[in-house]
Amino acid sequence: MSKAPILSLRGLCAKVVDEDVEILHGVDLELIPGEVHALMGPNGSGKSTLAKVLAGHPGYEATAGSVEYDGEDILDLEPDERARLGVFLAFQYPVEIPGVSIANFLRTAMQARLEEEEELDLFDFQDELLERMDLLDIDPSFAERPVNDGFSGGEKKRNEILQMAVLRPRLAVMDETDSGLDIDALQVVAGGVKTLSAEDPEMTVLVITHYQRLLNYLRPDHVHVMVDGRIVRSGGAALAENLEAEGYEQFRASES
Amino acid sequence: MSESATTLLRAPEESGGPLPGLDRNAVEALVASGPPWLGQRRLEAWRVYEETPMPTTKEEEWRYTDLSKTLRLGELRLLPRQEREFAPEGAPALLTGSMRSDWAAAGHVVDLDGSVAHTDLEEEVARKGVVLASLARAVETFPELLEAHLATEALPASSGKFQALNAALWTDGVLLFVPRGVHVELPVRVTRWFSGPGRAVFTRTLIVAEEGSRVSFVDEALSADFPAQTLVSSAVEVFARRGAHVQFVSLQRMGRGAFHLSQQRTLADADAALDTLNVSFGASVARVDLNAELRGAGAHSDMLGLCFGEADQHFDHNTSQDHGAPHTKSDLLYKAALDGAARAVFRGIIRVHPGAQQTDAYQTNRNLILSPDARAESLPNLEIEADDVRCSHGATVGQLDEEHLFYLMSRGLTRAQAERLVVTGFLGEVLSRLPLGGVVEKVSGIIEERLRA
Ligand SMILES: Nc1ncnc2c1ncn2[C@@H]1O[C@H](COP(=O)(O)OP(=O)(O)O)[C@@H](O)[C@H]1O
Ligand SMILES: [Mg+2]
């Protein structure tokens, strides 16, 4: 019995708004609910661009192809509309929002999910936030800190996972959430994602990474290799191990 | 404003004849009603006022605020001091609403059109010798204290044309005196309401915190919109003696048509901590001159400011940090968020005088421009005459960052919600530096209300 895909990309081409250079040159990808996919590839191959196009970043524009989420084309939707449908992007470089606490930010995000006349119950929210922090082994005082302001690399990534835990996405795209982390921080991130996947087996994860070590934890069902804006190879978990040993040159060579 | 409020506040004017203008006759009337030392001081101040030319945009400190276009001194009328009782019934909703949130206080003052109409002070605080009083009455009850401190060391008439004008024409104000070693836990809250269009109100605040004492003072100015210009000139003198801790907060929430002129001088003696927060939301033109002098070794001043402008509002904040003693520290953070065609000017100077070694002086001004017609001018300056100092100044003028908004929207916030959150955070950062009970909630509430409008 096959499930309908949660995400399906067909021939997706994309470029930077106001510039003529195309970055994605026809990407095909299909994610079934509950699967973990890894997207690998050399720097500059277009992985972050793909993540941002999925989340609706205004600086990028799809020029051809389609992005279907849960059976609907979402390319015309604003980033917030996509988020409210269950799309989540864990940023490679989370931005600092001085003066805004994580708790306030998440409260506003949860409020935004309600109908306009509905008011978020603040006590319920507080309970939920504490429960999610407890699940991820995060100290409650963390939520009172201003969003990413003065955070270490590891704290920023932990904050991304906390947001993911509270927002409970159906599709999580994680852009190099593991890069720049020491082994402890990596375990926090990987452990968090595993906990959330175990809790919601229907959650789908697309993890962008350079490193085998995160994949050792997450055990992807599929691995894709992106080079110069195209997916040049897809396979099982073994493909990632092969990349670790051989590098990406093999694909570059095969292209020319 | 409700009908009854209008009656309440207009009554005195109707009972007298036409109100006087800003002239020598008005000064002489005030001189006649007070003690000789004060009369001398008023006349001398008037002389300085008349001899000092009106500042023009040719002067650096007034470059961006053109008084010839914005201030109509000739059309303004003075309201003499009135003996009044404040009655919450029938008072404007903006005034009573604001006061209701200020219940947690060591004492209250209500000032109506420049006359103190109510004061109260916790019994226990009063018993320790703290004085909270109408300044006009204190002329009789605390003559020595006033003669020594009023327009002398802090804001003498010689400090400028408007300082002189205020020293000549003030009608009332607030005196707060805290004796040696007394800690006043809750803040003192002053609420001022201005009702009449076309008036000029001159008010003074004198705060004397004796050695080792502690006190916080929150001064809020409110009004409805005015169909004709109203000038509120406020002179603030704060003395923090050795080791005293003083917080002074000004919340300016006047209506359009108001020209708000606030001249403040804070004098911090050795080991004193004298912090200020100036919040400007209202008025058509608001000018704040703040000079913080750190004159005793180990003195410390945090100087905070935030303003949120819209439509054609014009804000001009002019600050100086004067370090006259070694081991002193000042840290200034002023922020402005500007919508519509609002304009903010920040001009700040750090002066480290010879001998003020081991000084730390910091100055940061940040402006967030929310609309294409809004503008900000930032003019930081340093004058260092000592060699062992740590000083820095920084200024930014920026717009909402699309990457910030995208990050927030990617969590489901609408663009409007994301913008509100960024602005709230931007201004809120200032409040987090002076976490004074009641003030943070009140100011955050006003910011959010305004962002929703
Ligand atoms: N906003 C942008 N403006 C110009 N070029 C961009 C922009 N974003 C991405 N690119 C270019 O697109 C290519 C892919 O970038 P990116 O998606 O960040 O790659 P990856 O995440 O795989 O390292 C790079 O050559 C990069 O320079
Ligand atoms: Mg990248």
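Residues are numbered from 1 along each chain as its sequence is written, while chains are lettered from A and ligands numbered from 1 in the order in which they are written. In this predicted model, local features need pLDDT of at least 70 and side-chain atom pairs count only at pLDDT 80 or more, whereas totals for chains, interfaces and linings use all residues.

Chain B meets chain A through 20 residues of chain B and 23 residues of chain A. Two residues are in contact if their C-beta atoms, placed from the backbone, lie within 7 Å. On the chain B side, helix H10 (402–409) and helix H11 (415–431) each give two or more residues. H11(B) gives the most, with 8 residues. Helices (H or I, at least four residues) and strands (E, at least two) are DSSP runs, numbered from the N terminus. This side of chain B has 7 nonpolar, 9 polar and 4 charged residues. Here Ala, Val, Leu, Ile, Met, Phe, Trp, Tyr, Cys and Pro count as nonpolar; Asp, Glu, Lys and Arg count as charged; the others, Gly among them, count as polar.

Chain B is assigned domain 1 (3–294) and domain 2 (407–453). Such bounds come from an automatic or database domain assignment. The C-alpha centres of the two domains of chain B lie 29 Å apart. Their contact takes 13 residues from domain 1 and 8 residues from domain 2 of chain B. On the domain 1 side, strand E8 (214–223), strand E10 (245–253) and strand E12 (273–280) of chain B each supply at least two residues. That side divides into 8 nonpolar, 3 polar and 2 charged residues.

Within chain B, B:Gly196 lies in the loop between strand E6 (188–194) and strand E7 (199–209). B:Gly196 counts as buried because it has 20 C-beta neighbours inside 10 Å. A residue is buried if 20 or more other C-beta atoms lie within 10 Å of its own, exposed if 12 or fewer, and partly exposed in between, with C-beta atoms placed from the backbone. The C-alpha atoms of B:Gly196 and B:Asp225 are separated by 9.8 Å, although these residues are 29 apart along the chain.

In chain A, strand E8 (residues 204–208) has 5 of its 5 residues buried. A:Thr204, A:Leu206 and A:Ile208 are buried on one side, and A:Val205 and A:Val207 on the other. E8(A) pairs in the parallel sense with strand E3 (residues 36–40) of chain A over 4 bridges. Two strands pair if DSSP finds at least two bridges between them. A:Ala38 stands opposite A:Val207. Strand E7 (residues 171–175) of chain A also pairs with E8(A) in the parallel sense, over 5 bridges. There, A:Ala172 has A:Val205 as its bridge partner.

Chain A also holds an open sheet of 4 strands in the order E2-E1-E4-E5, with antiparallel pairing. Its edge strands are strand E2 (22–31) and strand E5 (72–73), and each pairs on one side only. Strand E4 (residues 60–69) of chain A and E5(A) share 2 bridges in the antiparallel sense. A:Tyr69 stands opposite A:Glu72.

The residues around ligand 1 include A:Val16, A:Ile23, A:Lys47 and A:Gly59. A residue is near a molecule or strand if its C-beta atom, placed from the backbone, lies within 6 Å of it. Helix H1 (residues 47–55) of chain A gives the most to this shell, with 3 residues. By class, the shell has 2 nonpolar, 8 polar and 1 charged residues.
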